[in-house]
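Let's take a walk through this structure together, stopping at a few spots on its surface and at some of its charged pairs. Have the model open as you read.

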Amino acid sequence: MENANNVMDLARALGEGIKNHKVLLAYDEAKAAFEADEALTAEMAEYNADRACLAEEFAKDHAMQDERVIDALKAKMDELASKINHNENYLRFVDAQKAVSELMKHINEQITYYAFGVLPQSECTHDCSTCGGCH
């Protein structure tokens, strides 16, 4: 049990170290700006509401679907999606999420390597000394 406690202490220390990494700090900053952007939040809420309405329309029997409603919802959603996808706070947040995912991937690869001796799969370099194993 002592070894298990030690491993949990190491995991806690790793987590504390990760949360202070520049990638996580940038993520927290981007997330705060994303959440504070009232116009973006409203646009996203409106987009999700329209998506739910569109799903309800598509759930109807085909003969009962109103093509004008469907077309109007699609057009409105396209306009909202364009606004959202060009919003600086949204773009920063998406980039920050990708950076966190990439960092966590590398951390998990290192843990897997040191715990199990398994190198991560990567593109074949045709140099077996760099390989984590054939497909």
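Start with a greasy bit on the outside: Tyr113, Tyr114 and Leu119 make up a nonpolar patch on the surface. Taken together, the three have about 320 Å² of accessible area. Keep in mind that what you're looking at is a predicted model.

Tyrosine 114 sits in helix H5, which covers residues 88–116. Is tyrosine 114 buried or exposed? Its relative accessible area is 64%, and since anything over 50% counts as exposed, tyrosine 114 is exposed.

Now for the charged side chains. How many salt bridges does the count come to? The answer is ten, and we'll visit a few of them.

As for how open the two partners are, glutamate 29 is exposed, at 54% relative accessibility. Arginine 92 has 30%, and because that value falls between the 20% and 50% cut-offs, arginine 92 is partly exposed.

Stay on helix H2 for another pair. Lysine 31 and glutamate 35 meet through their side chains in a salt bridge, at 4.0 Å from N to O. Here both partners are in helix H2, four residues apart, which is about one turn of the helix. Lysine 31 is partly exposed, with 31% relative accessible area, whereas glutamate 35 is exposed at 52%.

Next, look for aspartate 66, which pairs up with arginine 68 in a salt bridge. Their closest N and O atoms are 3.7 Å apart. Which of the two is exposed, and which is partly exposed? Aspartate 66 is partly exposed, its relative accessible area being 26%, while arginine 68, at 66%, is exposed.

There's one last stop on the charged side of things.

Terms used. Residues are numbered from 1 along each chain as its sequence is written. This is a predicted model: local features need pLDDT of at least 70, side-chain atom pairs count only at pLDDT 80 or more; totals for chains, interfaces and linings use all residues. Side-chain values use heavy atoms; hydrogens and water are left out. Patches are made of residues with over 30% relative accessible area and no salt bridge: like charges are joined within 9 Å, nonpolar side chains (Val, Leu, Ile, Met, Phe, Trp, Tyr) within 5 Å. Accessible areas come from the Shrake-Rupley method with a 1.4 Å probe; for residues, only the protein chains shown count as cover. Helices (H or I, at least four residues) and strands (E, at least two) are DSSP runs, numbered from the N terminus. Buried means under 20% relative accessible area, exposed over 50%, partly exposed in between (1.4 Å probe, protein chains only).
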